[in-house]
Amino acid sequence: MMNAFAARRQAVIAGAAESDLGEVGPGFSPIDLMAQGVQRALADCGLQLADVDGIFCASSQSRLAGLALAEYLGLPDAYIDSTSTGGSSFLGHLAKAGQAIAAGACQVAVIAYGSTQRSLGRKNTSVAERNPYEAPFRPFLPPTAYALAAARHMHEFGTTREQLAEVAVAARQWALRNPMAWEKGPLTVEQVLASRMVSHPLTIRDCCLVTDGGGALVVTSAERARDLRKPAVKVLGAGHCTTHQSISNMPDLVRTGAIASGQAAYRQAGLGPGDVDVVQVYDAFTINTILFLEDLGFCAKGEGGAFVSGGRIAPGGALPVNTNGGGLSYCHPGMYGLFLLIEAVRQLRGECGARQVPGARVALAHGNGGVLSSQATVLLGAA
Amino acid sequence: MATDDIMPGAGPGAGVAPAQRESPYATYLCHLHAGELAYQFSRTARRAVFFPRVLCPYSGEDCLEWRVSAGLGTVYSSSVVYPRSGDAYNVALIDCDEGFRLMSRVEGPAPQAVAIGTRVMFRVHAAEGLDEDPYPVFTVVDQ
């Protein structure tokens with residue numbers, strides 16, 4: 001039983017917002033988009049920039065992202081954490097912001113992300129790190145890493161390319177209900193299969209989008225959030241696991257660190273997969289959704305392909321997954337994790353309009369970083 | 001005492017013994033130049049370690065010894081990269097019989113025909129040009 005002091009200090013998400021998405025145009029910096037997200041997330045909950053005393057952020061385009069955002073926002077005294085675990089960074093930031101708030105290191109934290117990879121071109125937005133044990137073989141990264149996992153999953157469990165395509169089709173059906181989504185037209189399994197092959201067995205439609213985008217969350221204590229504009233979303237549990245960095249060092253290509261990160265988050269929350277009303281998993285590639293639904297306990301290992309088929313994760317299906325359209329069809333600026341949390345918050349507040357999951361009380365957000373390397377799970381609860 | 005630190009004739013770096021004679025990658029490369037695929041073995045954990053490193057990740061100890069692989073392995077996974085220009089090519093993960101995995105490619109069959117489970121054998125792809133190092137590739141073992 002949590003005592004009253006701890007309950008007052010429990011971290012909650014008070015505000016959430018996207019920056020401009022899609023293609024923002026030349027001249028914008030990733031920090032511009034972080035700041036735009038911060039401004040909108042503060043407006044979302046009714047706090048001011050002067051209330052912010054904690055900064056959490058990461059960007060592949062800014063080596064010292066925490067300093068850049070502190071400078072931009074004019075917050076010299078802010079507590080800073082710019083840990084990067086790739087696309088999972090922001091789910092890690094949420095857990096760390098909760099710890100910082102509980103420890104009294106800060107009271108109101110922003111978690112921010114920004115990327116202009118579409119406007120600038122991908123080659124100009126990430127640092128090339130040469131791994132001498134992989135580079136001679138010219139893997140097209142990240143797709144080839146995920147293709148190797150998909151090929152192994154197909155070999156061990158009989159998963160098919162059609163089942164992978166079902167993930168892309170479900171994501172597209174959700175995206176058509178999200179006015180902010182990049183993709184605006186329908187998609188069929190046949191179209192996915194007939195698309196340009198990138199790294200077998202993954203076609204371009206098995207791969208996430210390349211867009212600009214950013215956003216921010218405002219995280220504070222339950223006590224501080226009580227009088228704010230919108231109902232606070234509770235952070236019920238969080239877990240993280242790092243199994244490798246390079247794909248050649250992944251211990252088992254069909255079992256990810258999401259098994260451990262999910263178990264840690266469920267244990268902390270006192271919940272299980274059956275308690276989750278809406279799921280947001282980092283779908284950088286179609287195989288991700290299958291792996292993570294298995295590893296997070298929504299179906300047995302090896303049954304993910306059958307599980308995602310027949311519209312089960314699409315609108316109207318038994319398990320709503322990636323209700324914003326995901327990295328596959330809504331938005332993917334390179335490190336997508338923050339958008340999982342933004343959508344989970346909106347679902348728990350009932351703000352999602354045509355794509356709203358009725359009565360959603362518990363949301364799971366699962367972030368992936370590197371090449372299935374870093375796995376971070378967060379369970380969120382409605383007020 | 002501070003005076004103990006001052007050694008006669010000591011210049012910058014003098015008296016600092018190198019922890020390793022050469023980097024793990026340099027040793028690995030030296031074996032490749034000799035036509036060998038080298039890996040490390042942890043005496044403490046009794047298992048192979050790859051990629052080469054300066055400490056054993058299973059024990060934290062400096063207990064790694066270099067061994068030379070027999071060069072036989074099995075395809076653990078395989079993909080085909082389709083560049084926007086140029087020919088498609090194979091990228092594979094190979095499980096060597098000594099218990100370590102590495103990225104490589106299988107040469108011989110069409111890149112699409114490299115099946116998981118295929119038995120393969122190592123050979124050195126020799127250095128080409130001034131900047132390139134040799135690297136290990138695999139061919140299919142006739143059974």
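This note sets out numbered points on the predicted model of chains A and B.

1. Basis of the note. Residues are numbered from 1 along each chain as its sequence is written, while chains are lettered from A and ligands numbered from 1 in the order in which they are written. Because the model is predicted, local features need pLDDT of at least 70 and side-chain atom pairs count only at pLDDT 80 or more, whereas totals for chains, interfaces and linings use all residues.

2. Nine strands of chain A form an open sheet with mixed pairing, in the order β3-β2-β4-β7-β1-β8-β11-β10-β9. Strands (E, at least two residues) and helices (H or I, at least four residues) are DSSP runs numbered from the N terminus, and two strands pair if DSSP finds at least two bridges between them. The edge strands, each pairing on one side only, are β3 (79–81) and β9 (278–281) of chain A. From one strand to the next, the twist averages 25°. Axes here are lines fitted to C-alpha atoms, for helices over the stretch in contact, and angles run from 0 to 180 degrees between N-to-C directions. Helix α3 (residues 65–73) of chain A packs on this sheet, where it touches β2 (54–57), β3 and β4 (108–115) of chain A. The direction of α3(A) makes about 135° with that of β2(A).

3. Strand β10(A) and its two partners. Strand β10 (residues 362–369) of chain A runs parallel to β9(A), to which four bridges join it; His366(A) is the bridge partner of Val281(A). On β11 (residues 374–381) of chain A, eight bridges join β10(A) in an antiparallel arrangement, with Val362(A) opposite Gly381(A). β10(A) and β11(A) form a hairpin with four residues between them, and Gly370(A) in the turn has a positive phi of about 70°.

4. Burial of β10(A). A residue is buried if 20 or more other C-beta atoms, placed from the backbone, lie within 10 Å of its own, exposed if 12 or fewer, and partly exposed in between. Eight of the eight residues of β10(A) are buried, so the strand is largely enclosed by the rest of the structure. In a regular strand the side chains alternate between the two faces of the sheet. Val362(A), Leu364(A), His366(A) and Asn368(A) point one way, Ala363(A), Ala365(A), Gly367(A) and Gly369(A) the other way, and all are buried.

5. Helix α11(A). Ten of the ten residues of α11(A) are buried, so this helix is largely enclosed by the rest of the structure. Among them are Asn288(A), Glu294(A) and Asp295(A). The cover over the buried residues of α11(A) includes α6, α7, α10 (258–269), β9, α12 (304–307) and β10 of chain A. Gly297(A), which follows α11(A), has a positive phi near 90°.

6. Helix α6(A). The 15 residues of α6 (residues 143–157) of chain A should span 21 Å at 1.5 Å a residue, and the end C-alpha atoms are 21 Å apart, which agrees; the expected span is 1.5 Å times one less than the number of residues. Twelve of these 15 residues are buried, so α6(A) is largely enclosed by the rest of the structure. Arg152(A) and His153(A) are among the buried residues. Their cover includes α7 (161–175), β5 (197–199), β6 (202–203) and α11 (286–295) of chain A, together with β4 and β5 of chain B. Just after α6(A), Gly158(A) takes a positive phi of about 75°.

7. The contact between the chains. Chain A gives 20 residues to the contact and chain B gives 19, two residues being in contact if their C-beta atoms, placed from the backbone, lie within 7 Å. On the chain B side, β4 (72–81), β5 (89–96) and β6 (101–104) each supply at least two residues, and the largest share, five residues, comes from β4(B). That side divides into twelve nonpolar, five polar and two charged residues. Here Ala, Val, Leu, Ile, Met, Phe, Trp, Tyr, Cys and Pro count as nonpolar, Asp, Glu, Lys and Arg as charged, and the others, Gly among them, as polar.

8. Chain B. One helix and nine strands make up the elements of chain B, and 29% of its 143 residues count as buried. Three strands form an open antiparallel sheet in the order β2-β1-β3.
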